[in-house]
Amino acid sequence: MENPPTLPASALSPEEADRLYSRVARLMTRDHWDAHFRDDIAAILQLKKERNAVILAHNYQTPEIFHCIADIQGDSLALARKAQGLEADVILMAGVHFMAETVKLLNPDRTVLIPDAHAGCSLAESITARDVRQLKARHPGVPVVTYVNSSAEVKAETDICCTSGNARRVMKYAAAQAGTGRVIMIPDEFLATNISRDTGIEAITWPGHCEVHELFTPLQIKQYRRIHPGVVVIAHPECPPEVIEAADFSGSTAEMIAFITEKKPQKALLVTECSMSDNLAQLNPGTEFVRPCNLCPHMKRITLKGIRHALETMQIPVEIPASLVERARASVERMLAV
Ligand code: 13P
Ligand code: SF4
């Protein structure tokens, strides 16, 4: 496919530029937006039309990506669901590699692009297909529930996938279907422990951790509560169990957004990746966000310039070995059907 010419910043009309800037106006000055983002946003919007492309953005993407160029935003579950049956020829994932792989599994005939091949995930990297086969051999008959934060080769060894948004439901379903009362839940030890506590279903775990969420501590939360009396603390279930115990609510990134939107707390502490608070601050001016900032280095490899380059060059297409596709897709589809 020929690379189309990219248009200069003037391709954004003044009205269009005003409209797009207004989506991030609480987070940055107009001068900053004009100087650093306007050109790339104009080019990306043009390229999306030329390529018949849609951009999916995870909730951890920076505000100029999340609010100014994304067509669909969400947590891992929403992105997997909404990716199904998209009309576009090209789907660009502004997120990490396992998310792009999941989209490719559900859209095998479309071109799925990830702007940076090194946008990985410490959880996905913690376990191999061989590890899963060994676990299954040690625990015959116990169903394998795998967090979507995993590679296609690991998904191919899996009975059913889950996300942080449906982990309780999937765990109960898998245990009931197998009649075992326990499941192998990999690779996130903390997610498995947290959900196992909620459901009362025993989980055989794997020592994988999210390098962002494992850093939070109950002491930090205690100190924030002292400095900000009345603050509502919301933690992602990838946090250690003692952090979840110290929080007021735990949920996926989409459940965090729903909580803030519905309950409108005066002050909130989101115990998760930094960009969540930025993206939500723009949409919820009535809530003050206290920010214990831990950045995901993988999510932050995705930039406007990288997205522009990916759409100009059609790089990097996600490919999944044919030997894995059917089995890996089945584990994701079983999850979506629950
Ligand atoms: P969510 O599915 O809650 O968005 O989580 C994905 C993730 O990678 C969190 O670290
Ligand atoms: Fe993986 Fe953690 Fe980054 Fe999410 S925040 S992509 S779990 S390393």
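Colleague: By class, what residues does the lining of the largest cavity have?
Modeller: The model is a predicted one. The lining of its largest cavity has 11 nonpolar, 11 polar and three charged residues.

Colleague: About how much space lies in the largest cavity?
Modeller: The largest cavity holds about 220 Å³ of space. Its lining comprises 25 residues, and those closest to its centre are Y60, F98, N149, E238 and M299.

Colleague: Which cavity does ligand 1 sit in?
Modeller: Ligand 1 sits in the largest cavity.

Colleague: And what space is taken by ligand 2?
Modeller: Ligand 2 also takes up the largest cavity.

Colleague: Which residues are around ligand 1, then?
Modeller: The residues around ligand 1 are H58, Y60, D75, S76, Y147, N149, S164, H213, H236, E238, S252 and T253. By class, this shell divides into two nonpolar, eight polar and two charged residues.

Colleague: How many Å separate a polar side-chain atom of E238 from an oxygen atom of ligand 1?
Modeller: The distance is 2.8 Å between a polar side-chain atom of E238 and an oxygen atom of ligand 1. For N149, a polar side-chain atom lies 3.3 Å from an oxygen atom of the ligand. In the case of Y60, an N or O atom of the side chain is 3.4 Å from an oxygen atom of ligand 1.

Colleague: What percentage of the area that ligand 1 exposes alone does the protein bury?
Modeller: The protein buries 96% of the 300 Å² that ligand 1 exposes when taken alone.

Colleague: Which residues surround ligand 2?
Modeller: Ligand 2 is surrounded by Y60, V96, C121, S122, L123, N149, C210, V212, E238, C296 and H298. The shell around ligand 2 divides into seven nonpolar, three polar and one charged residue. Y60, N149 and E238 are listed around ligand 1 and also around ligand 2.

Colleague: Moving on, how many cavities of 30 Å³ or more does the count come to?
Modeller: The count comes to three cavities of 30 Å³ or more.

Colleague: What volume does the second largest cavity have?
Modeller: The second largest cavity has a volume of about 50 Å³. Its lining is made up of S76, L79, A80, M93, F98, M99, T102 and V148. Two or more residues of that lining come from each of the elements α5 (76–83) and α6 (97–106).

Colleague: How does that lining divide by class?
Modeller: The lining of the second largest cavity has six nonpolar residues, two polar residues and no charged residues. S76, part of this lining, also belongs to the residues around ligand 1. F98 is another residue of this lining, and F98 is among those closest to the centre of the largest cavity.

Colleague: Let us turn to the backbone. Which residues does the cis peptide bond with omega of about -10 degrees join?
Modeller: That cis bond joins I186 and P187. P187 is found in the loop between β7 (182–186) and α10 (189–199). I316 is in the loop between α15 (304–313) and α16 (322–337).

Colleague: One last point: is phi of K264 positive or negative?
Modeller: Phi of K264 is positive, near 45 degrees, in a residue other than glycine. K264 has its place in the loop between α13 (253–263) and β11 (267–271).

Key:
Residues numbered from 1 in each chain as written. Chains lettered and ligands numbered in written order. Predicted model: local features only at pLDDT ≥ 70, side-chain atom pairs only at ≥ 80, totals over all residues. Heavy atoms only, no water. Near = heavy atom within 4 Å. Polar contact = N/O pair within 3.5 Å; in protein donor to acceptor, adjacent residues only side chain to side chain. Areas by Shrake-Rupley, 256 points an atom, 1.4 Å probe, with all protein chains shown as cover. 1 Å grid on protein atoms, 1.4 Å probe; cavity = no way out; pocket = protein on both sides within 12 Å on 5 of 7 lines; lining within 4 Å. Sits in = over half its atoms within 2 Å of the grid points. Nonpolar A, V, L, I, M, F, W, Y, C, P; charged D, E, K, R; others polar. Points joined across faces, edges and corners; volume = space filled by probe spheres on them. Helix = DSSP H or I, 4+ residues; strand = E, 2+ residues; numbered from the N terminus.
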